[in-house]
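I opened this notebook to go through one structure from the whole chain down to single residues. My entries follow in the order in which I looked things up.

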Amino acid sequence: MEICVIGAGYVGLIAAVAFAKFSNKVICVEKNGDKVNKLNNGVPTIYEEGLEELLNECLEDEKLLFTTDINKAVRESDIIFIAVGTPTCEDWNVDTSQLFNVINQISSSIHNYKIIVTKSTVPVGTQKNIKKQLINNGVSPSKFDVVSNPEFLREGKALNDFLQGDKIVIGSDSLRAKSIMEKLYTPFNIKILFTNPSTAELIKYASNAFLATKISFINEIANFCTKTGADIDIVAYGLGLDKRISKEFFKAGLGYGGSCFPKDTKALVKIGEKYDSNFDIIRSVINVNDKQRLMPVKILLEHYNDLENKVISILGLTFKPGTDDIREAPALYIIKELISQGAIIKCYDLMASNEIKDIYPTIDYCNNVYDCVEDSYCAIVCTELDEFINIDLKKMRDKMQVGMIIDGRNIYNINDIEENGFDFYYSIGKQNKN
Ligand SMILES: NC(=O)c1ccc[n+]([C@@H]2O[C@H](COP(=O)([O-])OP(=O)(O)OC[C@H]3O[C@@H](n4cnc5c(N)ncnc54)[C@H](O)[C@@H]3O)[C@@H](O)[C@H]2O)c1
């Protein structure tokens with residue numbers, strides 16, 4: 001099939017290479033010309049395991065091409081996937097302007113039947129609004145169908161999730177579109193759930209809100225463990241043995257981050273308001289998460305009282321391992337708060353996207369973890385990278401001014417901490433030393 005994917009970000013790029021892998025002819029449109037040049041030369045613009053190899057394979061087989069020419073790409077394709085950003089506004093409304101800009105850009109190029117697919121996460125009812133907009137722009141309703149096909153990939157495992165996910169959700173009222181989408185996805189051999197567009201749109205928000213709820217829930221239980229002497233890892237294990245609960249997404253830590261959970265939980269609350277649905281649970285999930293990610297700052301202030309000119313080391317900047325994505329990462333919030341308290345920030349994460357240097361241009365970006373902890377009053381583990389898990393704790397302690405770790409990802413063991421001479425150790429819901 002001839003496919004166009006608009007937006008070569010985390011979702012669009014992965015979708016483009018995955019469709020090309022199954023012998024479709026894919027044109028991926030990206031407005032950023034630098035990205036287009038890199039991608040056409042086989043250089044991935046994001047880090048995802050296996051992406052570089054598959055990208056180069058598809059380019060060599062001439063199944064995949066990147067371009068800035070959206071109209072040509074649309075004219076030459078049967079199915080148009082839209083995978084542009086749908087960020088949250090300050091007031092938690094979803095900003096769908098990138099999506100509707102695309103609709104306006106492509107309207108004049110729809111001369112024969114096309115399926116317009118939203119891969120982006122969009123509020124319930126967006127499919128209807130896209131239809132209206134296309135008709136307002138003069139496109140005949142016989143020339144298109146709009147389909148909702150939300151994406152469930154996880155960054156860090158994106159390619160694997162796209163190729164071997166649990167489900168594909170297709171929301172469409174058109175039998176013609178449904179049958180073409182089925183043909184496209186059959187080679188993936190993944191269960192397909194066909195439904196109407198509003199249901200498909202809501203499945204995406206409900207999934208993310210539920211997963212975020214699991215994280216905030218386990219973090220609240222973890223905070224209670226800290227007060228009572230219970231061990232969160234064993235509590236979570238015990239909970240997960242119950243098949244009705246499942247062990248997934250029960251790792252206590254600094255809360256959720258990334259480009260999806262923070263924005264999609266807020267968006268669902270806002271969408272709910274329009275229908276007089278208050279979503280009390282999700283509001284609480286957001287509140288718990290807001291507090292959780294700043295937990296290290298609370299601990300530091302209780303410990304030191306004053307952080308002025310104290311060196312604090314941030315180990316890990318991305319919101320999770322296996323990705324370069326720093327969007328909504330807890331580390332960003334912690335750094336912001338520590339700067340406002342007058343602390344001197346040293347950080348280390350070679351994987352993190354360079355965008356962080358635009359956000360915090362003046363902090364110290366170290367080239368190795370031991371330089372990062374040198375003279376430090378506390379090391380805060382924000383991402384559970386292997387490099388931190390396997391660190392030489394003795395060497396780390398020797399470099400630090402004060403032997404203090406706030407382990408926001410529970411990667412260390414209290415016995416190892418004590419054996420290597422640390423004086424203070426704070427975890428999330430496990431045994432502390434203070
Ligand atoms: N990142 C994830 O893990 C993930 C998972 C599932 C769903 N989603 C959803 O998928 C959508 C995309 O997310 P993302 O993380 O890939 O975003 P992203 O910001 O990484 O990528 C979007 C890309 O679209 C490009 N773009 C914007 N307008 C364009 C236009 N008019 N023409 C061509 N290119 C254009 C941007 O330059 C950017 O490269 C969002 O709605 C998001 O909620 C994301």
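**Entry 1, the whole chain.** I note at the start that this is a predicted model. I counted the elements of the protein chain and found 19 helices and 14 strands. I took the spans of the C-alpha trace along its principal axes as about 70 × 50 × 40 Å. Of the 434 residues, 45% count as buried. I also looked at contacts between residues at least 6 apart in sequence: 70% of them join residues at least 24 apart.

**Entry 2, the six-stranded sheet.** In what order do the six strands of the open sheet stand? I read β11-β10-β9-β12-β13-β14, with parallel pairing. β11 (364–365) and β14 (424–426) each have a single partner strand, so one side of each has no neighbour in the sheet. β12, residues 378–381, is joined to β13, residues 404–407, by three bridges. I noted that A379 has I405 in β13 as its bridge partner. Helix α14 (residues 330–340) lies across β9 (311–315), β10 (344–348) and β12. Its angle to β9 is about 175°.

β2, residues 25–29, pairs with β3 in the parallel sense, and I counted four bridges. V26 stands opposite L64 in β3. Which residues of β3 are on its covered face, and which on the uncovered one? I found L64 and F66 on the covered face, and L65 and T67 on the uncovered one. In a regular strand the side chains alternate between the two faces of the sheet.

Most residues other than glycine have a negative phi. I looked up two residues that depart from this.
- E62 has a phi near 55°. I placed E62 in the loop between α3 (51–60) and β3 (64–67). E62 has 9 other C-beta atoms within 10 Å, so I list E62 as exposed.
- F249 has a phi of about 60°. The loop that holds F249 runs between α10 (232–240) and α11 (261–274). F249 has 16 C-beta neighbours inside 10 Å and therefore counts as partly exposed.

Which of the 27 residues around the ligand come nearest? I wrote down G7, G9, V11, S120 and T121. The elements that give two or more residues to this shell are α1 (10–21) and α5 (97–106). α5 gives the most, with four residues. Sorted by class, the shell has 11 nonpolar, 12 polar and four charged residues.

I found N208 in helix α9, residues 197–228. Is N208 buried or exposed? N208 has 24 C-beta neighbours inside 10 Å, so N208 counts as buried. I left aside the neighbours within four places in sequence and listed the contacts of N208 as C260, F261, D264 and T265. For D264 I noted both separations from N208: 56 residues in sequence, and 6.7 Å in space from C-alpha to C-alpha.

Note on methods
Residues are numbered from 1 along each chain as its sequence is written. This is a predicted model: local features need pLDDT of at least 70, side-chain atom pairs count only at pLDDT 80 or more; totals for chains, interfaces and linings use all residues. Two strands pair if DSSP finds at least two bridges between them. Two residues are in contact if their C-beta atoms, placed from the backbone, lie within 7 Å. Axes are lines fitted to C-alpha atoms, for helices over the stretch in contact, and angles run from 0 to 180 degrees between N-to-C directions. A residue is buried if 20 or more other C-beta atoms lie within 10 Å of its own, exposed if 12 or fewer, and partly exposed in between; C-beta atoms are placed from the backbone. A residue is near a molecule or strand if its C-beta atom, placed from the backbone, lies within 6 Å of it. Ala, Val, Leu, Ile, Met, Phe, Trp, Tyr, Cys and Pro count as nonpolar, Asp, Glu, Lys and Arg as charged, and the others, Gly among them, as polar.
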